[in-house]
Amino acid sequence: IMNWDQIKGNLKQFQGRVREQWGDLTDDDVSVAEGNREQLEGRIQERYGITKEEAKRQVDDWMRKW
């Protein structure tokens, strides 16, 4: 399981994986998050019209895959 510090440290590598998981996010959305998990969750929440808790759960699930 990846932890957020590992993802943040390799952000360029993971940007493509983020876009694969959440295709509605733009490159700008991912760049603005700049490795900040809460900002990424907020962008996911906005783009998909889901709750904050659901966005957090989705990021947790995504991180478990790596």
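A cavity is a set of points, on a 1 Å grid over the protein atoms alone, where a 1.4 Å probe fits but cannot get out. Grid points are joined across faces, edges and corners, and a volume is the space filled by probe spheres set on the points. The model is predicted, local features need pLDDT of at least 70, side-chain atom pairs count only at pLDDT 80 or more, and totals for chains, interfaces and linings use all residues. Residues are numbered from 1 along each chain as its sequence is written, and side-chain values use heavy atoms, with hydrogens and water left out.

By this rule there is 1 cavity of 30 Å³ or more. The largest cavity holds about 60 Å³ of space. Its lining (residues with an atom within 4 Å of a point) consists of Trp 4, Ile 7, Leu 11, Phe 14, Val 18, Val 30, Ala 33, Glu 34, Gly 35 and Leu 40. Two or more lining residues come from each of α1 (4-9), α2 (11-21) and α3 (27-33), helices being DSSP runs of H or I with at least four residues, numbered from the N terminus. The largest contribution, 3 residues, is that of α2. By class, the lining has 8 nonpolar residues, 1 polar and 1 charged, where Ala, Val, Leu, Ile, Met, Phe, Trp, Tyr, Cys and Pro count as nonpolar, Asp, Glu, Lys and Arg as charged, and the others, Gly among them, as polar.

In contact (heavy atoms within 4.5 Å) are Arg 37, Glu 41, Ile 44 and Gln 45 of α4 with Lys 52, Ala 55, Lys 56, Gln 58, Val 59, Asp 60 and Met 63 of α5. This contact has 4 nonpolar, 2 polar and 5 charged residues.

Key. On a 1 Å grid over the protein atoms alone, a cavity is a set of points where a 1.4 Å probe fits but cannot get out, and a pocket is an open set with protein on both sides within 12 Å along at least five of seven lines; lining residues have an atom within 4 Å of a point.
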